[in-house]
Amino acid sequence: MIKKKFDYDKYLRKNTLPHIWCPGCGDGIILKSLIRAIDKCGYDKNDVVITSGIGCASRLPGYVDFNTIHTTHGRALTFAIGIKMFKPRLKVITISGDGDALAIGGNHFIHAARRNIDISLIVFNNYTYGMTGGQASPTQPKGSFSTTTPFGSIESPFDVCNLAQAAGATWVGRSTSYHAVQLEKLIVDALNHKGFSVLDVITNCHISYGRRNKMKSPVEMIEYQKEKAVNARTAQNMSAEDLAGKFKTGILYEKKDSPEYSEEYHKVLESLKTK
């Protein structure tokens with residue numbers, strides 16, 4: 001039996017292609033995984049809204065045929081929250097780079113998490129501001145190099161997943177652009193979760209980050225992801241020493257019984273009508 005070829009075309013705005021991403025960029029892999037996940041969830045295209053801010057990753061909404069909005073730097077979640085509050089039935093997804101989400105957008109990130117609003121945030125985490133010159137982002141590994149840290153970063157990076165969980169997100173996961181099959185499954189799980197879900201995707205920018213850190217090709221950066229990733233279940237049986245320098249992948253945290261913000265808000269509105 002011949003397996004039917006997946007039809008990406010019905011989810012793409014082909015008039016906006018070709019895309020702007022560099023050859024070998026991991027963003028294209030994440031785009032395909034997102035499309036496949038949305039298809040697997042069975043959402044009507046008219047019921048899906050994707051917001052983004054500024055940066056390489058944030059160009060994704062322009063290529064997909066859903067309700068999309070390309071917003072200002074760091075504000076993708078604020079627009080997403082407004083949409084979700086006005087029309088709670090919509091499936092709202094936010095695409096954001098590590099700088100967009102955690103630097104200028106960091107305050108919005110933690111408050112969206114603490115509210116537990118039903119939005120899925122996918123962070124394209126490539127350790128750099130790839131579009132604007134290769135500056136250091138909040139997730140850049142300590143000791144690594146960028147245009148703003150030419151002698152090596154002395155700052156401790158944010159762990160996206162630890163930050164999300166500490167701030168109140170009720171679903172937290174991580175994958176990479178290498179682990180495409182796992183990535184698709186995790187996006188499906190994040191989209192099906194009721195509450196604020198955060199998926200950290202380690203992806204490659206071999207132009208702005210890799211070539212400054214002895215990984216000049218996409219292949220070298222993909223191999224880095226493969227070598228450094230450890231499945232969360234496997235990590236349970238590993239020592240802290242063995243996990244040093246690596247990152248966990250899979251579902252890292254999940255809580256299903258927390259109230260969702262937009263539902264709680266509309267309950268208050270309904271209660272006011274009876275007074």
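**Exercise 1.** What volume does the second largest pocket have, and which residues line it?

*Solution.* Note first that this model is predicted.
Step 1: take the volume. The second largest pocket has a volume of about 240 Å³.
Step 2: list the lining. Gln182, Leu186, Asn231, Ala232, Arg233, Gln236, Lys248, Gly250, Ile251 and Leu252 line this pocket.
Step 3: assign elements. Helix H6 (180-192), helix H8 (232-235) and S10 each supply at least two of the lining residues. S10 gives the most, with 4 residues.
Step 4: sort by class. The lining of the second largest pocket has 4 nonpolar, 4 polar and 2 charged residues.

**Exercise 2.** Describe the largest pocket: its space, its lining and its classes.

*Solution.* Step 1: the largest pocket holds about 550 Å³ of space.
Step 1: its lining has 23 residues. Nearest the centre of the largest pocket lie Asp159, Arg174, Lys246, Phe247 and Lys248.
Step 2: find the elements. At least two lining residues come from each of helix H5 (160-167), strand S7 (171-176), strand S8 (197-202), helix H7 (218-228) and strand S10 (247-254). H5 gives the most to the largest pocket, with 4 residues.
Step 3: the classes are 12 nonpolar, 5 polar and 6 charged.
Step 4: compare the two lists. Lys248 lines the second largest pocket and also lies among the residues nearest the centre of the largest pocket.

**Exercise 3.** How many cavities of 30 Å³ or more does a search of the whole structure find? Describe the lining.

*Solution.* Step 1: the search finds 1 cavity of 30 Å³ or more. About 50 Å³ of space lies in the largest cavity.
Step 1: its lining is Gly74, Arg75, Ala76, Leu77, Thr94, Ser96, Asp100, Ala101, Gly105, His108 and Leu121.
Step 2: H2, strand S3 (91-97) and helix H3 (98-102) give two or more residues each.
Step 3: the lining of the largest cavity divides into 4 nonpolar, 5 polar and 2 charged residues.

**Exercise 4.** At what angle do helices H2 and H4 pack, and which residues make the contact?

*Solution.* Step 1: recall what is needed. Two packed helices are described by the angle between their axes and the distance between the axes.
Step 1: helix H2 (residues 76-86) and helix H4 (residues 106-115) pack at about 35 degrees, with axes 9 Å apart. The crossing of H2 and H4 is left-handed.
Step 2: H2 makes the contact through Leu77, Thr78 and Ile81, and H4 through His108, Phe109, Ala112 and Arg115.
Step 3: by class, this contact has 4 nonpolar, 2 polar and 1 charged residues.
Step 4: link back. Leu77 and His108 take part in the helix contact, and both also line the largest cavity.

Methods: Residues are numbered from 1 along each chain as its sequence is written. This is a predicted model: local features need pLDDT of at least 70, side-chain atom pairs count only at pLDDT 80 or more; totals for chains, interfaces and linings use all residues. Side-chain values use heavy atoms; hydrogens and water are left out. On a 1 Å grid over the protein atoms alone, a cavity is a set of points where a 1.4 Å probe fits but cannot get out, and a pocket is an open set with protein on both sides within 12 Å along at least five of seven lines; lining residues have an atom within 4 Å of a point. Grid points are joined across faces, edges and corners, and a volume is the space filled by probe spheres set on the points. Ala, Val, Leu, Ile, Met, Phe, Trp, Tyr, Cys and Pro count as nonpolar, Asp, Glu, Lys and Arg as charged, and the others, Gly among them, as polar. Axes are lines fitted to C-alpha atoms, for helices over the stretch in contact, and angles run from 0 to 180 degrees between N-to-C directions. A crossing is left-handed if the near helix is turned anticlockwise from the far one by less than a right angle, and right-handed if clockwise. Contact means heavy atoms within 4.5 Å.
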